[in-house]
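Here are my notes on the model you sent. Please read them with the structure open.

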Amino acid sequence: MLITSAKGALWLAFSSVVSALGQERIISFNSSEGALQIAGGSISKGQILVSSNDYWGVIRAAGDLALDFGRVTGTNYTLSNGNSSSKPANYAYKPVNNMNNTVYTTTGSSNYSGPAYSNPSPKDVVVIAGTIGHSTIIDSLIASKAIDVSAVKGEWESFVSQIVKNPVPGCASALVIAGSDPRGTIYGIYDVSEQIGVSPWYFWADSPVKSNKMIYVLPVKKVQGAPSVKYRGFFLNDEQPALTNWVASHWEATPYGAGYGPAFYSLIFEVLLRLRANYLWPAIWGTMFEVDDPGNQPLADAFEIVMGSSHTEPLMRAQNEFKKFYPGAWAYNLNNETIDEYFRYGIQRAKPYARNSLWTMGMRGTGDTAIEGLGVDHIVTLLETLVHNQQTLLAEGLGVSNVSTVPQMWCLYKEVMTYLFAGLQVPDDVTLLWADDNWGNVRRLPMKNETSRVGGAGVYYHFDYVGDPRNYKWINTIQLSKTAEQMHMTYARGADRIWIVNVGDMKALEIPISHYFDLAYDTKRWGVDSTAEWAKAYATREFGPAYSDETADIMMRYGMYASRRKFELVEPQTYSVINYNEADAVLQQWANLVADAQAVYDKLDAATKPAFFQTVLHPAIAGEIVHKVYVGGAKNSLFAGQKRNSANEMINYVLEASDKDVELTTRWDDLLGGKWKHFMDQTHLGYDGYWQQPMRNTLPAMTYVQTKLVSLAGHVGVGVEGLNASVQGDDKYHSNSGNNLVLPPMDPYGPVTRWFDVFSRGTKDCKWQASPWASWVKVSPSSGTVGPKGSDTRVRVSIDWASAPKSFSGTVNINITTPCRGLDKHGYAEPMVQVPVSVRSVSSNFTSGFVESDGHVSITGAHYQTLVPPASSTKDNTNVTYHKFDSYGRSGSGVGLTPQDTEKLTVSTAPALEYDVYFFSNSTAANVTVYLSPALNYLGDGIPLEYAVALYPKGSKSVPSPTLVKPVGPTVGGDMPAGWGYAVADSIWGKTGNYTTSKFAVLQEGAHTLRFWALMPGIIVQKIVIDMGGVRPSFFGPPESFVVGRDSISKYEQTSFLSEVDTLGGAKH
């Protein structure tokens, strides 16, 4: 229900079948024994019954339910309070004088009116809703023992719903919803809305509502207890341009900026409640929530939304208020009297709405920065004094004798967390709101001795961020399984008082927002492994059951592809275009994703397509375009260096992708008559190393090759896998006048094929021939034609291992010849590709494990051979084991310890994983790199993340002392640990730097054991790479090695990470 009209149209979506996501089912569309019909049959227009003495927010939600029945059945239901000729429900308030924001005054009286009541019609009553102790009807039913609410009475946000016979005179039966408090009742009401077919996203994502004439209530009593997390909300971090531009386009400006008024916030409040959330940090940068429109703050209270303010906005005052209305510096040590008055005003202004207020304590610097000009010791002392004064002001302003009864929180964001480590004392009744690192990795969680605090703990999380190492705020880049892993660890360690997530402009983040709130509402229902199940349930609710499997699969793959490197961080050098077929594999994943999403879209009905486009198809297309731009830029750079004619084709390829990006934005802007125009205004191409957004989308630097004159080295060139070099001719990548290029080595346990490219760098079509010196070396194709119009050919090299000489170890040459030899023949010999080949096999007694090839062993973390129990048992490790996290990480899975609240273990008390490995070479510098999810020292730097690793010959009499590794360094001041920027950009510890690399000596060929001990749950292993000297630069690292007992020679391709068993969207997918 909308409170105020928007400038222009406000849109409502009508049409799809949905069900309450994860909730106990009480609604059916088929008759069954004992079921109560509430739509269809003899019911022409049902009625919702409430009590006039209930909360306005409850009555408003009941009015929404009446409209929701209309959306589903085609006929709006009526709302009654049981009295004839009743005026609409009314919420009265005294608007603050927003022309004087330093001296508190009000400007008379105002109200929110509606929904309208109809005259009572008891025979048509199908739903009765009310709050225990605030509803005459509900209290009467309790008194008569018609309903038993003992399971929820006095609980937080709980409700019961059941069929009751003869609930009021003239009504034979009705569904009765009794809430423990107003939000409990509201959730019970919206539970019905969702189950009859109205998605929480009916407005914001245009989720369709499929009509249903026949609706029944099942004969069950539903008892919905308190949510898992008490306060669940999001932060509208309204960085320009998207949300503010959209708001400014639809509502008249306020005296202070864009039209962030009740019309806008009513839409926000409603979707929060429909999502079973309750808490909001309002927009901050171009607005002042309480000031812009005097109706905003009372509207939140009327809706029963708990209002707060961000980590940089204490005591219900918007960030912009101080600099706009108050003199002096925002510095408590210099201007405390003025700042105290500033706080007093905020408390006084919010006092009428204190029942629905959660107060932000503390203080930071101006505009989301640290306090400046003071040492840490002085800041700690200052903040302790400040918070003591704030609590005194709260008690005085609210007129309470015990400030502990007032909900308060202190957000330990960025530098504020370090003050706690420096000795900052936080009052026990203030909730410690720990924060992530802005990239979805929780920085700190409660230790065992911190879980008894009266104020408890919570977490401030991010789905959107502006700052180092680079912004990510265009579209959804969230991996749901990562959110589940982090938030379940958060919950397990007792941070369950507040969960709030930064959602930027909110639009485009519908899926991760829904997931986050469902986790917060019922953490046990949605376990750490439930993400795929949740995705299917979401797809069913939003788009119907017909293609829910396909849609859920697309959602899971998209989350992985988009999160492993945020779109704003993708660059030409991100994915290798020469090693491990990496860049082409990434493009293949995106192409398949788009094709699959488009296939589902094409089969959907017209009413469903807008929602699917916004949340599924658009992000998939957008992601593919971004990767085409940057991989195309990388190929242009490679091809230009090799003087290929096709370097210019890559310029056109990138320009075409850029045009597609514009077309996609235009398509978005035109959707539904321009309903969501401006939400895709955000720039996303052309970040140049600086964290802030570019002012205009720009393309990567590219090089144009002159094509009207032939290369000095002739018309035909050759380049090989793994090298930037080309022959014939000179370049900086090989010796002058050299004509040989060496492919990466081949053996039975390595990639099935290698490749080289034959290309044109001349002005005419030229035939070419590839001729291996050995018949058992195969090339495909073996001949062809290249020319100036772009006919580069990739030639695959394979080995017929059955025909290769036994124990062969050497190089096989492949001559590349062409009749197009001109004067270049006097300066350069014809090209030759050389293939190092080893025909070898593992020992017959090595029956399971990973085999070295190409100078490395690459291991998927979850593919261990043995789980070794702890050497010693304690009360802390009784149930500790390793758990595989599916659809997780950068390509497929991870493995780590559970339960997630396990305290730090030692090598003797931790279980271990063993990986069997076979080496054909030896080295005194075998570097073992563990690719870890980018976690942080979540129990503080005094209890850092740690693991142990050992590598030794299999069958050794004893396990050598392992190497202990602490991958994450200390947090110093406001800085993050060393290497953190690379870890979050790469979504892994291990790609950049040596933070997770340990050196071992492999002194003999043959079978070895790699043993790994995770000493804390935060250590989640995605991959382990043993580099014997052959690892080449790439984003993912080498594809997983051949596994004896699982793989077959010449069948396990191993040409890219797509070949890996666990790869989401890979060959086995």
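Predicted model: local features only at pLDDT ≥ 70, side-chain atom pairs only at ≥ 80, totals over all residues.

1. Disulfide. The count comes to one disulfide. The bond joins C766 to C820, with an S to S distance of 2.3 Å. That falls within the 2.5 Å cut-off, so the pair qualifies. The link is left-handed, at -105 degrees about the S-S bond.

2. Placement of the pair. The two cysteines are 54 residues apart and link distant parts of the chain. C766 is in strand β24, residues 766-772. C820 is in the loop between β28 (809-817) and β29 (832-838).

3. Burial of the pair. C766 has a relative accessible area of 1%, so C766 is buried. C820 comes to 11%. The limit for buried is under 20%, so C820 counts as buried too.

4. Two further cysteines. Are C171 and C411 buried or exposed? C171 is buried, because its relative accessible area is 4%. C411 is at 2%, and therefore also counts as buried.

5. E485. This residue is found in helix α12, which spans residues 480-492. Its relative accessibility is 1%, so E485 counts as buried. What does E485 contact, once its neighbours within four places in sequence are left aside? The partners are V528, F885, Y888, Q900 and I1020.

Notes: Residues numbered from 1 in each chain as written. Heavy atoms only, no water. Helix = DSSP H or I, 4+ residues; strand = E, 2+ residues; numbered from the N terminus. Buried < 20%, exposed > 50% of the residue type's maximum accessible area, 1.4 Å probe, protein only. Contact = heavy atoms within 4.5 Å.
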